[in-house]
Amino acid sequence: MSDRRELEKMEARKMARKNKKAKETKAANANNVKDGLVSLRSFKRRTVVWPAVLIVNEFEFKCMLYDISLGGVRLKLDLPLATGAKVNIKIKDFEFTEALVSWHADAFVGLKFVEDVSYIENMFGDYAERLK
């Protein structure tokens, strides 16, 4: 009986080491992905919680922004929009601007501004300095 218990204990330790290594690898991969995405981004992002209005065709949706850059925004909207779809967005009290859907996942949508950076800087006024 004791040989069998020893064998079971050894197997349990082996599985625990394997699971620990898998978790460490997964965490490292997640960090690599995040680091990779940050290095691919052209613009500094700021975390915000701002109201916005999104217009898709003739439909208007109130939503919340969770981050913003001079290149685009991430907003919460539980509506799967097609990648590449043209939309208009009004952020806080700024004017409407055209954007393209870059991605959507869960209840979040990434938008890329269509206008050039100088237009977006002018639109955001003094706040644009925080995005540089």
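Is S69 buried or exposed? Select it and see; bear in mind that this is a predicted model. S69 sits in the loop between β2 (59-68) and β3 (72-76), and its relative accessibility is 3%, so it counts as buried.

A polar atom of the S69 side chain lies 3.0 Å from the backbone nitrogen of G71. Now bring up what S69 touches beyond its neighbours within four places in sequence: F43, K44, R45, F113, F124 and L131.

Select helix α2, residues 117-124, and colour I120, M123 and F124, which are buried. Look down the axis of α2: its buried residues fall within an arc of 90°, so they line one face of the helix. Among the elements covering them are β2, β4 (86-91), β5 (96-105) and β6 (108-113).

Next, the largest nonpolar core. It has 28 residues, and those touching the most other members are L65, I68, I89, I91, L111 and F124. At least two residues of this core come from each of β1 (46-56), β2, β3, β4, β5, β6 and α2. Colour β1 if you want the largest share, which is five residues.

Finish on L65. Leaving out neighbours within four places in sequence, L65 is in contact with V48, V49, W50 and A52, with V73, R74 and L75, and with I89 and I91. I89 and I91 were also on the list of core residues touching the most other members.

How values were computed
Residues are numbered from 1 along each chain as its sequence is written. This is a predicted model: local features need pLDDT of at least 70, side-chain atom pairs count only at pLDDT 80 or more; totals for chains, interfaces and linings use all residues. Side-chain values use heavy atoms; hydrogens and water are left out. Helices (H or I, at least four residues) and strands (E, at least two) are DSSP runs, numbered from the N terminus. Buried means under 20% relative accessible area, exposed over 50%, partly exposed in between (1.4 Å probe, protein chains only). A polar contact is a pair of N or O atoms within 3.5 Å; within protein, one must be able to donate a hydrogen and the other to accept it, and residues adjacent in sequence count only if both atoms are side-chain atoms. Contact means heavy atoms within 4.5 Å. The arc is that of the directions from the helix axis to the C-beta atoms. A nonpolar core is a set of buried Ala, Val, Leu, Ile, Met, Phe, Trp, Tyr and Cys residues joined through side-chain atoms within 4.5 Å.
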